[in-house]
Structures are given as structure tokens and as C-alpha cells.
Amino acid sequence: MTATPTTPPPEGCIDTQVLDHVLLIGINRPAKRNGWTPRMFRELAEAYTRLDDDPALRVGVLHAFGDHFTAGLDLPAVAEYMKRGEKAIPAGLVEPHDYGLPGYRRRSKPMVVAVKGICFTVGIELMLGADIVVAADNCRFSQMEVQRGIMATGGATLRMAERAGLGNAMLHLLTADEFGSAEAFRLNFVQKVVPAGEELDAALRIAQRIAAQAPLAVVATRLNVVKAIEQGPAAAVADFIPVQQRLANSEDAAEGVRSFVERRPSRFSGR
């Protein structure tokens with residue numbers, strides 16, 4: 001598909017488009033290789049919050065306009081926030097990196113990301129904070145904060161080691177080197193690699209497949225996996241019986257049984 005962007009202001013913006021139950025979230029500052037500004041961070045958080053709060057939306061797809069996903073932070077635009085120890089995202093919204101920062105909400109619904117071209121710093125952290133990543137085969141990745149005298153604080157120090165092991169995380173975090181899609185796939189940073197130009201369609205197909213499943217069960221499954229990673233298997237296991245009981249008493253579970261008996265596709269309502 002071809003998403004149509006609005007004409008962005010100089011500081012960029014985030015465009016959204018609804019396709020059935022999927023919310024497309026587009027990074028829109030291609031003239032600056034989608035370098036991130038405070039406005040863009042705020043609007044991204046607002047889009048993630050919209051996804052979680054709208055019962056008609058079931059899955060998000062984060063993508064970018066132009067040739068590149070993002071060249072990273074627009075440092076002159078965000079440096080003062082860093083010096084003051086502040087976030088550009090207003091408190092109370094869903095924080096897109098989703099690592100449990102106090103004062104912000106955690107995302108509950110699935111997020112699929114389509115990356116292409118340059119994907120530096122915050123771009124890697126946003127994709128690692130999502131659930132499923134489709135990468136174009138022309139991607140160039142780099143977590144280069146140490147080159148700028150700062151530290152990656154969007155989740156890379158947590159998730160690179162979680163996905164790829166300590167040594168692989170240190171290799172890329174401490175050298176600020178550049179690596180491609182094949183290496184990102186080897187390290188479990190991305191789940192699929194496709195020819196450049198096909199990444200958004202591939203991500204949308206995955207999102208639409210997720211959106212066709214029972215929404216309550218999708219959210220519960222995602223949250224249980226996240227709990228197992230962050231709090232350990234015992235915490236996730238403790239939720240098995242009460243969560244399953246709640247799901248089994250939902251309208252969607254009844255529809256699942258009916259569709260099984262009637263041998264037809266399920267029509268889930270999210271209730």
C-alpha cells in the first residue's frame with residue numbers, strides 16, 4: 001500500500017490513518033531524514049494512546065515517510081530537554097518505548113513496525129519497544145549515542161541484551177558501529193527481512209492477521225509474554241487461571257466456540 005502523508009511543518013509531525021481495525025502511524029519529516037523533535041515525540045505518544053483507548057482499533061503499524069525510517073534525534077532540538085532531565089512526552093500518555101517509566105502508561109495493544117533505510121538510535125529503540133518488526137533489506141542500523149557523549153535511554157540497554165545476549169549488545173552499544181538487516185535479523189532485533197519497498201505491506205499483512213483474532217485474547221496474550229520477560233515466569237503463570245477464566249466468559253470466547261462448531265470464520269467484537 002502507499003500511505004499518503006500530509007505536508008509536515010519544519011519540526012515534523014506524526015500522521016495517522018485508520019484501515020479497518022489497524023492504526024497506521026507515520027513518521028513525517030522526510031526532508032530531515034525523520035530526525036526526531038519534541039513535537040514528534042508528543043504526537044507519537046498521542047497516537048499510541050489513541051490506539052489503546054479506541055475500542056475499534058486493535059493493532060498499530062509504525063512506519064515512516066521518505067526513504068529512511070529515522071536518522072535519530074534532532075540533537076539541537078532535544079538537547080535542552082536532556083539537560084533538564086525532562087521528557088518531551090506529557091505525563092499520563094502511553095510512552096512509545098514501553099519500558100515502564102513512572103508517570104506514563106504502558107501499551108496494551110500490539111504494535112508492528114516497518115523500518116527502511118537509515119534506522120539510527122531512537123529508531124532502533126522504538127522498534128525494540130514494539131512487538132514485531134519488518135525490515136527492508138536496505139536498512140542501516142546504528143546505536144550511536146556514545147559518539148555524541150550521551151547514553152541510549154530509550155530501551156536499547158535493556159532490550160539489546162535481552163534479545164541478543166550481553167556480548168552482542170555491548171558490541172553495538174559501545175562501538176556505535178553500523179550494521180545491516182541481516183545482522184539485525186541474526187540478533188533477533190527484527191523478525192522479517194523483505195525487499196526494500198515491501199516492508200509496509202508486509203507489516204500491514206501481519207497487523208491485519210492479528211486484528212482478525214479475538215482482541216481481548218490478543219491483549220491478554222501479549223501482556224502475559226511481557227510479564228514473563230519483565231517479572232519472570234512465576235508472575236506470568238500466576239495469571240493463567242484468572243485471565244483464562246475472564247476470557248472464557250467473554251462474548252468472543254462464545255463466538256469462538258460457535259464458529260468452531262459451525263465451521264466458519266470467527267466474527268469477534270472485542271467483548
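G256 touches S266 and F268, leaving aside residues up to four places away in sequence; contact here means heavy atoms within 4.5 Å. G256 and F268 are twelve residues apart in sequence, and their C-alpha atoms lie 8.0 Å apart in space. G256 belongs to helix α11, where helices are DSSP runs of H or I with at least four residues, numbered from the N terminus. With a relative accessible area of 25%, G256 is partly exposed, that is, between buried (under 20%) and exposed (over 50%), using a 1.4 Å probe and protein chains only.

The model is a predicted one, in which local features need pLDDT of at least 70 and side-chain atom pairs count only at pLDDT 80 or more, while totals for chains, interfaces and linings use all residues. Residues are numbered from 1 along each chain as its sequence is written, and side-chain values use heavy atoms, with hydrogens and water left out.

How far apart are the end C-alpha atoms of α8 (residues 215-231)? They are 24 Å apart, in agreement with the 24 Å that its 17 residues should span at 1.5 Å a residue, the expected span being 1.5 Å times one less than the number of residues. Just after α8, G232 takes a positive phi of about 100°.

Technical notes:
Helix = DSSP H or I, 4+ residues; strand = E, 2+ residues; numbered from the N terminus.
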